[in-house]
Amino acid sequence: MAPKPKTKAEYDAAATAMDSLKAGVIELMTRLGDVADEVVVVGGFASVLLFADAEVPPTGTLDLDLGLSLALLSEERYQVLEDRLTAAGFGPDINEKGHPSPQRWRCDPSKGNVLVDLLMPLFADGAAPGKPQFLTPRLAAFAIPGIELAHLDVVRKTLRGNALGGGQAERGMTVCGPGALVVLKALAFSYRGEEKDAHDLIYTLECAGTDDVAGRIAALPASQHLDRALETLRSDFSSADGIGPVRVAQFRSSAAAGAFQAESAGRVRELLRKLGRV
(Lines give C-alpha, C1' and ligand atoms only; values in the text may rest on other atoms or scores of the structure.)
Protein backbone atom coordinates (compact mmCIF):
# COMPACT_ATOMS: atom_id res chain seq x y z
CA MET A 1 0.00 0.00 0.00
CA ALA A 2 1.39 3.42 -0.93
CA PRO A 3 2.38 5.62 2.06
CA LYS A 4 -0.11 8.27 3.08
CA PRO A 5 0.59 11.89 2.10
CA LYS A 6 2.39 13.99 4.70
CA THR A 7 1.24 17.51 3.81
CA LYS A 8 -2.06 19.20 3.02
CA ALA A 9 -0.94 19.93 -0.54
CA GLU A 10 -0.05 16.28 -1.10
CA TYR A 11 -3.32 15.15 0.48
CA ASP A 12 -5.42 17.46 -1.68
CA ALA A 13 -3.57 16.31 -4.81
CA ALA A 14 -4.10 12.63 -3.96
CA ALA A 15 -7.68 12.98 -2.73
CA THR A 16 -10.60 11.38 -4.49
CA ALA A 17 -12.35 13.81 -6.84
CA MET A 18 -15.02 15.36 -4.62
CA ASP A 19 -17.81 15.10 -7.19
CA SER A 20 -17.12 11.38 -7.54
CA LEU A 21 -16.99 10.87 -3.79
CA LYS A 22 -20.24 12.77 -3.22
CA ALA A 23 -21.90 10.73 -5.95
CA GLY A 24 -20.68 7.56 -4.23
CA VAL A 25 -22.09 8.70 -0.89
CA ILE A 26 -25.45 9.57 -2.43
CA GLU A 27 -25.54 6.21 -4.24
CA LEU A 28 -24.84 4.39 -0.97
CA MET A 29 -27.48 6.29 0.95
CA THR A 30 -30.12 5.55 -1.69
CA ARG A 31 -29.30 1.84 -1.37
CA LEU A 32 -28.74 1.43 2.37
CA GLY A 33 -32.33 2.32 3.29
CA ASP A 34 -33.02 1.54 6.96
CA VAL A 35 -29.41 0.39 7.45
CA ALA A 36 -28.40 4.03 6.96
CA ASP A 37 -29.88 4.74 10.41
CA GLU A 38 -27.17 2.52 11.89
CA VAL A 39 -24.14 4.14 10.25
CA VAL A 40 -22.46 7.47 10.92
CA VAL A 41 -20.08 9.35 8.63
CA VAL A 42 -16.71 9.90 10.33
CA GLY A 43 -13.20 10.90 9.21
CA GLY A 44 -12.36 13.32 6.44
CA PHE A 45 -15.76 13.31 4.78
CA ALA A 46 -17.37 14.27 8.10
CA SER A 47 -15.34 17.49 7.93
CA VAL A 48 -16.48 18.02 4.34
CA LEU A 49 -20.13 17.81 5.44
CA LEU A 50 -19.78 19.69 8.74
CA PHE A 51 -17.67 22.57 7.46
CA ALA A 52 -18.75 22.95 3.85
CA ASP A 53 -19.22 26.70 4.38
CA ALA A 54 -16.01 27.31 6.34
CA GLU A 55 -13.74 30.16 5.27
CA VAL A 56 -10.90 27.64 4.85
CA PRO A 57 -12.24 24.59 2.95
CA PRO A 58 -11.74 21.12 4.46
CA THR A 59 -8.73 19.10 3.31
CA GLY A 60 -9.37 16.64 0.52
CA THR A 61 -10.15 13.10 1.58
CA LEU A 62 -9.08 9.73 0.19
CA ASP A 63 -12.16 7.74 1.14
CA LEU A 64 -15.44 7.55 3.04
CA ASP A 65 -15.29 6.25 6.62
CA LEU A 66 -18.53 4.75 7.95
CA GLY A 67 -18.88 3.93 11.63
CA LEU A 68 -21.22 0.98 12.18
CA SER A 69 -23.57 0.99 15.15
CA LEU A 70 -23.66 -1.80 17.72
CA ALA A 71 -27.28 -2.19 16.63
CA LEU A 72 -25.85 -4.01 13.61
CA LEU A 73 -24.48 -6.79 15.82
CA SER A 74 -26.36 -9.64 14.20
CA GLU A 75 -25.50 -11.89 11.28
CA GLU A 76 -28.75 -11.05 9.53
CA ARG A 77 -28.07 -7.31 9.60
CA TYR A 78 -24.49 -7.83 8.45
CA GLN A 79 -25.78 -9.71 5.42
CA VAL A 80 -28.25 -6.93 4.66
CA LEU A 81 -25.38 -4.41 4.76
CA GLU A 82 -23.25 -6.57 2.46
CA ASP A 83 -26.11 -7.04 0.00
CA ARG A 84 -26.83 -3.32 -0.15
CA LEU A 85 -23.18 -2.38 -0.64
CA THR A 86 -23.11 -4.86 -3.52
CA ALA A 87 -26.32 -3.39 -4.98
CA ALA A 88 -24.68 0.05 -4.90
CA GLY A 89 -21.90 -1.27 -7.15
CA PHE A 90 -19.28 -1.83 -4.44
CA GLY A 91 -17.16 -4.88 -3.72
CA PRO A 92 -14.19 -5.75 -1.49
CA ASP A 93 -11.04 -3.86 -2.48
CA ILE A 94 -7.89 -5.74 -3.49
CA ASN A 95 -4.73 -5.15 -1.45
CA GLU A 96 -1.15 -4.94 -2.72
CA LYS A 97 -0.78 -8.73 -2.44
CA GLY A 98 -3.82 -9.32 -4.63
CA HIS A 99 -6.04 -10.44 -1.75
CA PRO A 100 -9.52 -9.08 -0.98
CA SER A 101 -9.77 -6.43 1.77
CA PRO A 102 -13.24 -7.11 3.20
CA GLN A 103 -13.10 -4.07 5.49
CA ARG A 104 -12.56 -1.70 2.55
CA TRP A 105 -15.02 -1.66 -0.34
CA ARG A 106 -14.47 -0.01 -3.72
CA CYS A 107 -17.05 0.90 -6.31
CA ASP A 108 -16.92 -0.31 -9.89
CA PRO A 109 -13.96 1.63 -11.38
CA SER A 110 -16.06 2.47 -14.44
CA LYS A 111 -18.31 4.55 -12.16
CA GLY A 112 -15.61 6.30 -10.14
CA ASN A 113 -12.72 5.70 -7.74
CA VAL A 114 -14.66 5.65 -4.47
CA LEU A 115 -13.45 3.73 -1.39
CA VAL A 116 -15.49 2.99 1.72
CA ASP A 117 -13.80 1.97 4.99
CA LEU A 118 -16.08 0.23 7.51
CA LEU A 119 -15.36 0.88 11.20
CA MET A 120 -16.76 -0.74 14.36
CA PRO A 121 -16.02 -0.86 18.09
CA LEU A 122 -13.82 -3.69 19.32
CA PHE A 123 -16.28 -6.48 20.04
CA ALA A 124 -14.57 -9.78 19.18
CA ASP A 125 -12.41 -11.57 21.76
CA GLY A 126 -8.81 -10.67 21.10
CA ALA A 127 -9.67 -7.97 18.53
CA ALA A 128 -6.78 -5.57 18.00
CA PRO A 129 -7.16 -1.84 17.21
CA GLY A 130 -6.96 -1.16 13.50
CA LYS A 131 -7.39 -4.82 12.56
CA PRO A 132 -10.41 -6.22 10.68
CA GLN A 133 -13.26 -8.00 12.44
CA PHE A 134 -15.16 -10.32 10.13
CA LEU A 135 -18.93 -9.86 9.98
CA THR A 136 -19.64 -12.22 7.04
CA PRO A 137 -17.20 -14.21 4.88
CA ARG A 138 -17.01 -11.18 2.49
CA LEU A 139 -17.55 -8.31 4.90
CA ALA A 140 -15.39 -7.01 7.76
CA ALA A 141 -14.89 -3.78 9.70
CA PHE A 142 -11.81 -2.15 11.20
CA ALA A 143 -11.74 -2.38 15.02
CA ILE A 144 -11.52 1.25 16.17
CA PRO A 145 -11.29 2.14 19.88
CA GLY A 146 -13.93 4.69 20.86
CA ILE A 147 -15.78 4.69 17.54
CA GLU A 148 -19.02 4.17 19.48
CA LEU A 149 -18.71 7.80 20.64
CA ALA A 150 -19.38 8.92 17.06
CA HIS A 151 -22.98 7.73 17.53
CA LEU A 152 -23.44 9.80 20.70
CA ASP A 153 -22.59 13.21 19.22
CA VAL A 154 -24.21 13.56 15.81
CA VAL A 155 -25.35 16.16 13.29
CA ARG A 156 -27.80 15.55 10.47
CA LYS A 157 -26.66 16.78 7.06
CA THR A 158 -28.25 16.64 3.62
CA LEU A 159 -26.36 15.94 0.43
CA ARG A 160 -27.79 16.73 -3.01
CA GLY A 161 -26.42 15.72 -6.40
CA ASN A 162 -25.99 12.91 -8.88
CA ALA A 163 -25.82 9.29 -7.76
CA LEU A 164 -23.06 7.07 -9.19
CA GLY A 165 -25.60 5.07 -11.17
CA GLY A 166 -27.18 8.21 -12.58
CA GLY A 167 -30.07 10.42 -11.54
CA GLN A 168 -30.39 13.27 -9.08
CA ALA A 169 -31.12 12.55 -5.42
CA GLU A 170 -31.19 14.24 -2.04
CA ARG A 171 -30.40 12.21 1.06
CA GLY A 172 -29.96 13.00 4.73
CA MET A 173 -27.21 11.30 6.68
CA THR A 174 -25.91 11.12 10.21
CA VAL A 175 -22.49 12.73 10.67
CA CYS A 176 -20.13 12.55 13.63
CA GLY A 177 -20.41 15.82 15.55
CA PRO A 178 -17.47 18.14 16.29
CA GLY A 179 -17.05 16.96 19.88
CA ALA A 180 -16.76 13.28 19.07
CA LEU A 181 -14.64 14.12 16.02
CA VAL A 182 -12.04 15.87 18.20
CA VAL A 183 -12.06 12.92 20.61
CA LEU A 184 -11.65 10.36 17.83
CA LYS A 185 -8.87 12.35 16.18
CA ALA A 186 -7.05 12.61 19.52
CA LEU A 187 -7.43 8.84 19.98
CA ALA A 188 -6.18 8.18 16.45
CA PHE A 189 -3.18 10.45 17.06
CA SER A 190 -2.38 8.58 20.28
CA TYR A 191 -2.21 5.31 18.33
CA ARG A 192 -0.48 6.36 15.12
CA GLY A 193 0.74 9.97 15.43
CA GLU A 194 -0.22 10.97 11.88
CA GLU A 195 -0.04 14.56 10.72
CA LYS A 196 -3.50 14.39 9.11
CA ASP A 197 -5.16 13.41 12.42
CA ALA A 198 -3.49 16.35 14.18
CA HIS A 199 -4.61 18.71 11.43
CA ASP A 200 -8.21 17.45 11.50
CA LEU A 201 -8.33 17.90 15.28
CA ILE A 202 -7.19 21.53 15.18
CA TYR A 203 -9.27 22.29 12.08
CA THR A 204 -12.40 21.09 13.90
CA LEU A 205 -11.63 23.42 16.82
CA GLU A 206 -11.04 26.30 14.41
CA CYS A 207 -14.33 25.77 12.57
CA ALA A 208 -16.66 24.66 15.37
CA GLY A 209 -15.18 26.75 18.18
CA THR A 210 -14.15 25.58 21.64
CA ASP A 211 -17.54 26.38 23.23
CA ASP A 212 -19.44 24.00 20.94
CA VAL A 213 -16.79 21.28 21.09
CA ALA A 214 -16.51 21.50 24.89
CA GLY A 215 -20.27 21.28 25.35
CA ARG A 216 -20.50 18.22 23.13
CA ILE A 217 -17.56 16.45 24.80
CA ALA A 218 -18.96 17.21 28.26
CA ALA A 219 -22.18 15.41 27.25
CA LEU A 220 -20.32 12.19 26.34
CA PRO A 221 -20.35 9.39 28.92
CA ALA A 222 -17.18 8.76 30.91
CA SER A 223 -14.99 6.05 29.40
CA GLN A 224 -11.38 4.95 29.12
CA HIS A 225 -11.39 6.10 25.50
CA LEU A 226 -12.54 9.60 26.42
CA ASP A 227 -9.92 9.77 29.19
CA ARG A 228 -7.18 8.68 26.79
CA ALA A 229 -8.26 11.29 24.23
CA LEU A 230 -8.25 14.11 26.79
CA GLU A 231 -4.89 13.03 28.14
CA THR A 232 -3.51 13.06 24.58
CA LEU A 233 -4.81 16.61 24.15
CA ARG A 234 -3.09 17.64 27.38
CA SER A 235 0.22 15.87 26.76
CA ASP A 236 0.64 16.31 22.99
CA PHE A 237 -1.35 19.41 22.00
CA SER A 238 -1.43 21.91 24.88
CA SER A 239 2.02 23.45 24.40
CA ALA A 240 3.30 25.24 21.30
CA ASP A 241 6.28 22.90 20.99
CA GLY A 242 4.18 19.79 21.59
CA ILE A 243 4.26 17.13 18.91
CA GLY A 244 0.62 17.79 17.96
CA PRO A 245 0.91 21.49 17.00
CA VAL A 246 4.31 20.81 15.40
CA ARG A 247 2.83 18.13 13.14
CA VAL A 248 -0.15 20.32 12.26
CA ALA A 249 2.24 23.09 11.16
CA GLN A 250 4.25 20.55 9.15
CA PHE A 251 1.09 19.19 7.52
CA ARG A 252 -0.04 22.68 6.52
CA SER A 253 3.49 23.74 5.52
CA SER A 254 2.97 26.86 7.62
CA ALA A 255 5.36 29.72 6.85
CA ALA A 256 4.82 31.10 10.38
CA ALA A 257 5.08 27.79 12.20
CA GLY A 258 5.86 29.21 15.65
CA ALA A 259 2.87 31.55 15.77
CA PHE A 260 0.57 28.91 14.33
CA GLN A 261 1.72 26.30 16.85
CA ALA A 262 1.10 28.74 19.71
CA GLU A 263 -2.40 29.49 18.40
CA SER A 264 -3.22 25.78 18.03
CA ALA A 265 -1.98 24.98 21.54
CA GLY A 266 -3.98 27.92 22.90
CA ARG A 267 -7.19 26.49 21.43
CA VAL A 268 -6.53 23.13 23.05
CA ARG A 269 -5.74 24.68 26.45
CA GLU A 270 -8.97 26.69 26.22
CA LEU A 271 -10.91 23.49 25.44
CA LEU A 272 -9.31 21.67 28.38
CA ARG A 273 -10.09 24.58 30.74
CA LYS A 274 -13.74 24.50 29.72
CA LEU A 275 -13.76 20.76 30.42
CA GLY A 276 -12.07 21.21 33.80
CA ARG A 277 -9.07 19.18 32.68
CA VAL A 278 -6.24 21.61 33.56
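How many of the 15 residues of helix H5 are buried? The count is 12 of the 15, so H5 is largely enclosed by the rest of the structure. Here, buried means under 20% relative accessible area, exposed means over 50%, and partly exposed covers what lies in between, with a 1.4 Å probe and protein chains only. The model is a predicted one: local features need pLDDT of at least 70, side-chain atom pairs count only at pLDDT 80 or more, and totals for chains, interfaces and linings use all residues. Residues are numbered from 1 along each chain as its sequence is written, and side-chain values use heavy atoms, with hydrogens and water left out.

Back to H5, which covers residues 178–192. Helices (H or I, at least four residues) and strands (E, at least two) are DSSP runs, numbered from the N terminus. The buried residues of H5 are Pro 178, Gly 179, Ala 180, Leu 181, Val 182, Val 183, Leu 184, Lys 185, Ala 186, Leu 187, Ala 188 and Phe 189. The length of H5 works out as well: at 1.5 Å a residue its 15 residues should span 21 Å, and its end C-alpha atoms are 21 Å apart, which agrees. That expected span is 1.5 Å times one less than the number of residues. After H5 comes Gly 193, with a positive phi near 60°.

H2 is followed by Gly 33, where phi is positive and near 60°.

Gly 146 sits in the loop between strand S7 (140–143) and strand S8 (154–162), and is buried, with a relative accessible area of 0%. Leaving out residues up to four places away in sequence, Gly 146 touches Leu 184, Leu 187 and His 225; contact means heavy atoms within 4.5 Å. Its C-alpha atom is 19 Å from that of Phe 237, a residue 91 places away along the chain.

On the strand side, pairing requires that DSSP finds at least two bridges between two strands. S7 has two such partners here. With strand S6 (residues 132–134), S7 runs antiparallel and is joined by 3 bridges, and Pro 132 stands opposite Phe 142. The hairpin from S6 to S7 goes through 5 residues.

Another antiparallel pair is formed by strand S3 (residues 90–94) and strand S4 (residues 100–107), over 5 bridges. Asp 93 has Ser 101 of S4 as its bridge partner. The hairpin of S3 and S4 has 5 residues between the strands, and Gly 98 takes a positive phi near 85° there.

S5 (residues 115–120) also holds Asp 117, a charged residue that counts as buried at 5% relative accessibility. Setting aside neighbours within four places in sequence, the contacts of Asp 117 are Asp 63, Leu 64, Asp 65, Leu 66, Gln 103, Arg 104 and Phe 142.

Further along, Leu 230 lies in helix H8 (residues 224–237) and is likewise buried, at 5% relative accessibility. Not counting residues up to four places away in sequence, it touches Ile 217, Leu 272, Leu 275 and Arg 277.

Helix H6 (residues 195–208) and helix H9 (residues 243–252) meet at an angle of about 95°, and their axes are 8 Å apart. Axes are lines fitted to C-alpha atoms, for helices over the stretch in contact, and angles run from 0 to 180 degrees between N-to-C directions. H6 and H9 are therefore roughly perpendicular to each other, given that angles under 35 degrees count as roughly parallel, over 145 as roughly antiparallel, 65 to 115 as roughly perpendicular and the rest as oblique. Contributors to the contact include Ala 198, His 199, Ile 202 and Tyr 203 of H6, and Arg 247, Val 248 and Phe 251 of H9. The contact residues split into 5 nonpolar, 3 polar and 5 charged, where Ala, Val, Leu, Ile, Met, Phe, Trp, Tyr, Cys and Pro count as nonpolar, Asp, Glu, Lys and Arg as charged, and the others, Gly among them, as polar. The loop between H9 and helix H10 (257–274) contains Ser 253, which is exposed at 52% relative accessible area and has a positive phi near 50° despite not being a glycine.
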